[in-house]
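Visitor: I am new to this structure. Please show me the model, and let me ask how you know what you say about it.

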Amino acid sequence: MNQVVSNKIFAAVVAKLEAQKLEAEANLVGIIFNSVNVADHTDLVSEACEAVKMMAEAEDALASIQRNFPIKDINDKQ
């Protein structure tokens, strides 16, 4: 696999994990602070816990990438 393709795949992995983290954060904020959502969801505590787990999973994966592949800015490598 050539370097350009490898860098694109790596960038896509990082972007997907960052998006997963943002999605979890948005869901958590919506669950905790947006009372409009309450009528749609009956188990807010479980949903909040799932959002926290999703956020932690993404953060852990991103930290693992940074530890194992210390690239300052993936965009510089493309």
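Guide: Start with a term. A salt bridge is a side-chain nitrogen of Lys or Arg within 4 Å of a carboxyl oxygen of Asp or Glu. This is a predicted model. Lys21, Glu25 and Glu59 are linked in a network of salt bridges.

Visitor: How do you know that Lys21 and Glu25 meet in a salt bridge?

Guide: Their side chains come to 3.2 Å, N to O. The cut-off is 4 Å, so the pair counts. Both residues lie in helix H1, four residues apart, about one turn of the helix.

Visitor: What makes Lys21 and Glu59 a salt bridge?

Guide: The N to O distance is 3.9 Å. That is within 4 Å, so this pair counts too. Lys21 lies in helix H1 and Glu59 in helix H2, so the pair ties together parts that are 38 residues apart in sequence.

Visitor: Why is Lys21 called partly exposed?

Guide: Its relative accessible area is 23%. Buried means under 20% and exposed means over 50%. Lys21 falls in between, so it is partly exposed. Glu59, with 35%, is partly exposed as well.

Visitor: What makes Glu50 and Lys53 a salt bridge?

Guide: Their closest N and O atoms are 3.7 Å apart. The limit is 4 Å, so they qualify. Both lie in helix H2, three residues apart.

Visitor: Why does Lys53 count as exposed, and Glu50 as partly exposed?

Guide: Lys53 has 53% relative accessibility. Exposed means over 50%, so Lys53 counts. Glu50 has 48%, so it stays partly exposed.

Visitor: Is Gln20 buried or exposed, and how do you know?

Guide: Gln20 is at 17% relative accessibility. Buried means under 20%, so Gln20 is buried. Gln20 sits in helix H1. Beyond residues up to four places away in sequence, Gln20 touches Met54, Glu57 and Ala58.

Visitor: What makes the link between the side chains of Glu57 and Gln20 a polar contact?

Guide: The two side chains make the contact at 3.2 Å. Glu57 lies in helix H2. At 52% relative accessibility, Glu57 counts as exposed.

Visitor: Which residues form the largest nonpolar core?

Guide: There are six: Ala24, Leu28, Ile31, Ala48, Ala51 and Met55. H1 and H2 each supply at least two residues of this core. Apart from it lies another core, of five residues, including Phe10 and Leu62.

Conventions. Residues are numbered from 1 along each chain as its sequence is written. This is a predicted model: local features need pLDDT of at least 70, side-chain atom pairs count only at pLDDT 80 or more; totals for chains, interfaces and linings use all residues. Side-chain values use heavy atoms; hydrogens and water are left out. Buried means under 20% relative accessible area, exposed over 50%, partly exposed in between (1.4 Å probe, protein chains only). Contact means heavy atoms within 4.5 Å. A polar contact is a pair of N or O atoms within 3.5 Å; within protein, one must be able to donate a hydrogen and the other to accept it, and residues adjacent in sequence count only if both atoms are side-chain atoms. A nonpolar core is a set of buried Ala, Val, Leu, Ile, Met, Phe, Trp, Tyr and Cys residues joined through side-chain atoms within 4.5 Å.
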